[in-house]
Amino acid sequence: MTNHWIDLQNADVIMVCGSNVAENHPVAVRWMEEARKRGAVILSADPRFTRTSAFADRYCPLRSGTDIAFVGGMIRYAFSNNRLNYDYLRDNTNASFIVKPEYAFNDGLFSGFDPASATYDKASWAYETDENGVPLQDPTMTDKRCVLMRVKAQYKRYRLKTVCGIVGAPRYLYEKFCDLYTGTYENGKAGTWLYAMGGTQSTHGTQNVRAYSVLQLLLGNIGIAGGGVNALRGESNVQGSTDMALLYNQLPGYLAAPAEKDKTLADYLAARTPKSADPKSANWWQNTPKYVASLLKAWYGPAATRENDFCYDWLPKYGRDCSYVNLFSGIESGDIRGLVLFGQNPAVSGPSCQRQLAALSRLSWMAAVDLFETETASFWKRPGANPSDIDTEVFLLPAVASVEKAGSITNSGRWAQWREKALDGPGDTKPDLWILDALYRAVRKEYERGGVFPDPVVNLAWNYDGADQEPDPRKVAQEINGFFVAEATANNRSFMAGDQAPSFAFLLDDGSTACGNWLYSGSFPGPKPEDNRMAARGIKQGDDRIGLYPGWAWCWPVNRRILYNRASVDANGQPRDPARWVIRWNAEKSAWEGDVPDGPWPPGDRYPFIMLPEGHARLFAQGLADGPLPEHYEPWEGPVQNALSSQRHNPLLLSAKGKGPAKEPGSPERFPVVATTYRVGEHWQAGALTRNTPWLIELVPSAYAEIGEILAMMLGIKNGDRVVVETARGSVEVYALVTKRFGTFRVGGKILHEVGLVWHFGYEGLARGASANVLTPDIADPNSRIPEYKAFLCNVRKAAEG
Amino acid sequence: MKAMLVDTTRCTGCRSCQVACKQWNNLPAVQTRFFSDGSMQNPAHRSSKTWAVVTFHELPKNNRPGLFFGRLQCFHCVDPACADACPVHALKKTKLGPVVYDPGLCLGCRYCQMACPFNAPRFDWDKPVPEIRKCTMCYDRVAAGGRPACVAACPAEALAFGERSEMVAEAEARIRQSPARYVAHVYGKNEVGGTCVLHLAAVPFESLGYPSGLPDEPVADHIRSAMHTVPYAMATLGLALGAVAWVVNRRMENTGDKPDKAE
């Protein structure tokens, strides 16, 4: 989230699109209700009428996979009705920047497309620059080639009627949404956009999120209280694990992981450190060398020296796509022979999970760390498998639950909150840290006896033992915060070896600091347990003004509660919304008040978006693989032709064998019903925890498909019947929940039906059932590589009796 | 006197309250196969093992889909008919508000169930001598100065707890402030002489499964004299029903088809 949970109370309009917040983040509704008490309107756009829709003031149907059309129509509505925050756009965004004349968009394709490789050459998406490389601007934002006019041209085709014919919503409902939401363009009005996997799990998921961002910038809703683009994370600590480099292409703190082309540290830094010729650009990523050097010092300790590039050579360099979907291709092909799973259950949660299950038997060994024996851990005895045909050696390591260990979790609002252990785990269960520590020691022992390339293993800095000789999570947290390994002067302050770093502003690139994750520097700035700011629980009078609560837990970066808050003030540092100000410049004291500002500089000294080299938020962006502006495409398995261009789906989807999904997409003729998957509040992810909890099983005992009354009537299906849902990947038999809450979609002159399935179930545990992921395609977004779980095609029929 | 305020317009149907109730009162889960009628509701009814249930109602509004929630439990009447009806005074109204009971005294006569306008008391029919079971408003917690477990668990602040007079005032204030959001009625303010569980709703209460047409006078006044004439007949009937349940359960167990049983 750019903002945080409590900040929802400051919004005037809360748009829930691509999320089912009331079911999957139940505590959030408390803050949404606070907003409503102040007169806020809550909007819910979703394929079905969910419990969030029930909580919301208004509902608009939205066919799965059509978010960009939905948002694009709002963007056009904002332009047509002059609902743009021009001051905000000029000061804070690249609206006035001039794009290269070669840039073009034609019939669903941006300039630079190479059909043979299905990739874009992005050169024509760049800005025009002056002789120093500073982008040219038109402050009036009227030049045809300026970004704002490019955006306007892009969404000209997204007329109300066209959009309604794509998303399948009645016009009067959609138009009301456009009116209410774009009404937040005024200073003093705030609109917040809440999304989750409904937005991201798509073959254009990254562009979905870009679309939300473009609209929010046009309306001036980023950086302000009650605004923001807010990703509601699907796990209590998924934010933390992403921050710590969950993904293969990242190092901790969103540093890029080195690829094969980054042969030396100098190559890597040259390619990965952005430059700006504009003195008013803070260009924060220019500090990349400091963060990388400190990270390598944290990992390799004394072995890492300036002379040996801090052991950069020891880092693995990836040469191909190692994302989740491709991991299983790697297992299938025999490239990957061992698998360690920490609390992950891909046999239930992975797309086309039957394919993944079959792949697991190719492994030599697997170690699963979990609370229960999951479907993945027991893949060798799954229904239909013959254990004697499977050679994989499987280890099951019992882990403690979250309340049975100490450590921090980082919530969606970027708050890292420390939790102490509440009770001991049962039997031989151990914390993940204990298991990792034991695993590392055992591996090192092996490498100390020799082996191929032992250096990175035997030289790892691994000093986490606490007083009781057990690994202490506080020591890990202190390393993540960073410390001085030698006497040094940083930012005009002197430090001794062993001092904790006060924040990332004190990290150095010469090897005198070590830091496990620059983004978390400042979270544990001292040696004592009470220096752990993640454990802080202080509330001061006045904290409830806009609910920042800076003394409660700690939030990255540098305890800044609302990101991009420099965009909330004018050139003199005065808030655009005086009633709900986030930061303001006190000219007398020559200091900022309120939240921690984006950088210490006085107002006007630096551009507001300090993480970008141009210092301005990007309406139009060169960064993504599949276009500088979000454009509507149908899902990979779309039910209709694209009404906006002849590009049916994202042109970057690879279909070459071996690289893409295992199977060809199902055709709408054979699979005429749109399908989507989701979770319910009563179950947790792949279900290992909740499908072993009788009280929760009582509430949602079995896998089911939600089917609208009209489709059910056409197919002769009654509530509680067993139905078979079939896709090109496979089929499942589940209960039918026949409901008034799933309507039909009038799309391109056709009436489309959609069904929804919960994916929590599997063949282990107290409550069993089919996982909806038997049905989902293993095709992924070209940027994030997130699979398209949320929109595909299926067939539904009543199951045979008996 | 304390009371709970259930604002069903704030409820999101998450059912944390249902689980918290079972956790605090150590009640077993009921085996369910699919949802009961009414969208995602489970279990279908209150029982000796389920003292409170969130009810789901798919009610289209202005030709648009709608989903509304109710909450059924013991309403803890100000002047409870059950307590008056109980021949052995197993049930009693406490000064703090909750209507509590002593299962050790219960005869299993089902008299209270007959008397209750909200059908709150339930019985363990699978025991030879059935005993009353119902929501106690977590009297143990309330007596210690706490809130009922369901109220503490509600993430949406749909449940509130406090002095009854304050809860009535709060409910009326909410209706006054948002007249479009609520039907202009605090359910339980006057029904059967008033209850200590008050409800607000966006749609008429009868459409959410709440008994309608209740008088403003305590039920107890009407039935007190009549009810006292037949307790022993009812006790006999109760025993007879218990015997029937025992036979039915035994047969079902013998055929391998498990009845409503804890896991």
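I count a salt bridge when a side-chain nitrogen of Lys or Arg lies within 4 Å of a carboxyl oxygen of Asp or Glu. I am working on a predicted model, where local features need pLDDT of at least 70, side-chain atom pairs count only at pLDDT 80 or more, and totals for chains, interfaces and linings use all residues. Residues are numbered from 1 along each chain as its sequence is written, chains are lettered from A in the order in which they are written, and side-chain values use heavy atoms, with hydrogens and water left out.

**Entry: the interface**

I started with A:R30, whose side chain meets that of B:E157 in a salt bridge (3.7 Å, N to O). I looked up how many such bridges cross between chain A and chain B, and the rule finds six. I then counted polar contacts (a pair of N or O atoms within 3.5 Å; within protein, one must be able to donate a hydrogen and the other to accept it, and residues adjacent in sequence count only if both atoms are side-chain atoms). Between chain A and chain B, 16 residue pairs are in polar contact, both residues at pLDDT 80 or more.

Next I took contacts (heavy atoms within 4.5 Å). I find 39 residues of chain A in contact with 38 residues of chain B. I noted the buried area too, meaning the accessible area (1.4 Å probe) that two parts lose on being put together, summed over both. For chain A and chain B it is about 3,200 Å², and carbon and sulfur atoms give 60% of that. In chain A, the residues that lose the most area to chain B are A:R51, A:W695 and A:E698, together 24% of what that side buries.

**Entry: salt bridges inside chain A**

I looked at A:R36 and A:D57, whose side chains form a salt bridge (3.2 Å, N to O). The pair links distant parts of the chain, 21 residues apart: A:R36 sits in helix α2 and A:D57 in the loop between α3 and β3. I use DSSP runs for helices (H or I, at least four residues) and strands (E, at least two), numbered from the N terminus. For burial I use relative accessible area with a 1.4 Å probe, protein chains only: buried is under 20%, exposed over 50%, partly exposed in between. A:R36 counts as buried because its relative accessibility is 11%. A:D57, at 40%, counts as partly exposed.

I also checked A:R441 and A:D437, whose closest N and O atoms are 2.9 Å apart in a salt bridge. They are four residues apart in helix α17, so about one helical turn separates them. A:D437 is at 7% relative accessibility and therefore counts as buried.

**Entry: two buried side chains**

Is A:Y181 buried or exposed? I find A:Y181 buried, because its relative accessibility is 0%. A:Y181 lies in helix α8 of chain A. A polar atom of its side chain is 3.3 Å from the backbone oxygen of A:G191.

A:Q201 sits in the loop between α9 and α10 of chain A. At 13% relative accessibility, A:Q201 counts as buried. Its side chain makes a polar contact with the side chain of A:K790 (2.9 Å).
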